[in-house]
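Hi,

Here is the structure we talked about. Please open it alongside this note; what I found follows below.

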Amino acid sequence: MSEKKEPGVWEGFKAFLMRGNVVDLAVAVVIGAAFTNIVNSVVKGVINPLVGAFGTKDLDHYSSCLKAPCVTKPDGTVESGIPIMWGSVLSAVLSFVITAAVVYFLMVLPMAKYLAKQAARKAAKEGAQEVLEVSELEVLKEIRDALVAQRGSGHREE
């Protein structure tokens, strides 16, 4: 009797890694991390100072005191009180919204349009193929009918 050898753990892991979507995912994570750094720099270097120009301070420094008196050291550690740093949260939300907008408008939307065009081309090609097949079928039916008619008329003359 011959036993069917199942692939080992190493072979399964190798097959998993060689799938295209795993490599694509790894590339997406690396690019996403680099892109996040860019967006965070834009928020901290451009948006926060703009808010500071219109407001009284940089966005990261906006906070409320839950339990007074709130005293923080220059290095950012809390000395007394319970501060709520809502400016930092707002900064993170802005980073997320900017990242999501750029990903949607520069990646998702163009890809969706491209895939829609591909699907339309494929549907048009399949439609043309069906018309061609139907017309070929009609021609073959006409040839069959002509041959049947020819045989029928040939048998009557005998």
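Start at S95, which sits in helix α3. This is a predicted model, so treat each point below as computed. S95 has a relative accessible area of 8%. That makes S95 buried, because buried means under 20%. Which residues does S95 contact, leaving aside neighbours within four places in sequence? They are V39, N40 and V43.

Next, the surface. A nonpolar patch is formed there by L66, I82, I84, W86, V89, L90, V93, F96 and V97. Together these residues have about 860 Å² of accessible area. Two elements give two or more residues each to the patch: β2 (78-84) and α3 (86-157). Helix α3 supplies the largest share, six residues.

Then the charged side chains. How many salt bridges does the structure hold? It holds one. The partners are D145 and R144, whose side chains meet at 3.1 Å, N to O. Are these two buried, partly exposed or exposed? D145 is partly exposed, at 42% relative accessible area. R144 is also partly exposed, at 49% relative accessibility.

Best wishes

Terms used:
Residues are numbered from 1 along each chain as its sequence is written. This is a predicted model: local features need pLDDT of at least 70, side-chain atom pairs count only at pLDDT 80 or more; totals for chains, interfaces and linings use all residues. Side-chain values use heavy atoms; hydrogens and water are left out. Patches are made of residues with over 30% relative accessible area and no salt bridge: like charges are joined within 9 Å, nonpolar side chains (Val, Leu, Ile, Met, Phe, Trp, Tyr) within 5 Å. Accessible areas come from the Shrake-Rupley method with a 1.4 Å probe; for residues, only the protein chains shown count as cover. A salt bridge is a side-chain nitrogen of Lys or Arg within 4 Å of a carboxyl oxygen of Asp or Glu. Helices (H or I, at least four residues) and strands (E, at least two) are DSSP runs, numbered from the N terminus. Buried means under 20% relative accessible area, exposed over 50%, partly exposed in between (1.4 Å probe, protein chains only). Contact means heavy atoms within 4.5 Å.
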